[in-house]
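Subject: Structure handover

Hello,

My notes follow below it.

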Amino acid sequence: MWQVEIDWSKCVGDEECVESCPAQVFEMIKNKPEPLYMAECLGCETCVDICPEEAITFSEIEIT
């Protein structure tokens with residue numbers, strides 16, 4: 001499973017990650033993207049690559 005985190009101090013809420021995500025992991029809440037559907041994440045890192053503020057970090061997590 002993949003973990004997507006957003007640094008809210010860097011994020012400007014431009015929706016680039018929301019619009020570019022092929023798995024529709026994000027939803028806008030209070031003008032900021034929230035990764036609500038991480039179980040759907042494909043691990044493509046498109047959100048990380050497209051974020052101009054470098055506000056998104058991405059890692060694989062182990063489910064126990």
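Which residues does Val-25 touch, not counting residues up to four places away in sequence? They are Glu-34, Pro-35, Leu-36, Tyr-37, Met-38, Glu-40 and Cys-41, where contact means heavy atoms within 4.5 Å.

Ground rules. This is a predicted model: local features need pLDDT of at least 70, side-chain atom pairs count only at pLDDT 80 or more, and totals for chains, interfaces and linings use all residues. Numbering starts from 1 along each chain as its sequence is written, and side-chain values use heavy atoms, with hydrogens and water left out.

Fold. The chain has two helices and four strands, in the order β-α-β-β-α-β from the N terminus. These are DSSP runs, numbered from the N terminus: helices are H or I, at least four residues, and strands are E, at least two.

Strands β2 (residues 26-29) and β3 (residues 32-35) run antiparallel, joined by four bridges; pairing takes at least two DSSP bridges. Met-28 sits opposite Pro-33 in β3. Two residues lie between the strands, and Lys-30 has a positive phi near 55 degrees.

Core. The largest nonpolar core holds 15 residues. Val-25 is among those with the most contacts inside it, as are Val-4, Ile-6, Phe-26, Cys-47 and Ile-56. β1 (2-6) and β4 (56-60) each supply at least two residues of this core. Such a core is a set of buried Ala, Val, Leu, Ile, Met, Phe, Trp, Tyr and Cys residues joined through side-chain atoms within 4.5 Å. Buried means under 20% relative accessible area (1.4 Å probe, protein chains only). Buried residues make up 30% of the 64 in the chain.

Regards

Notes
Buried < 20%, exposed > 50% of the residue type's maximum accessible area, 1.4 Å probe, protein only.
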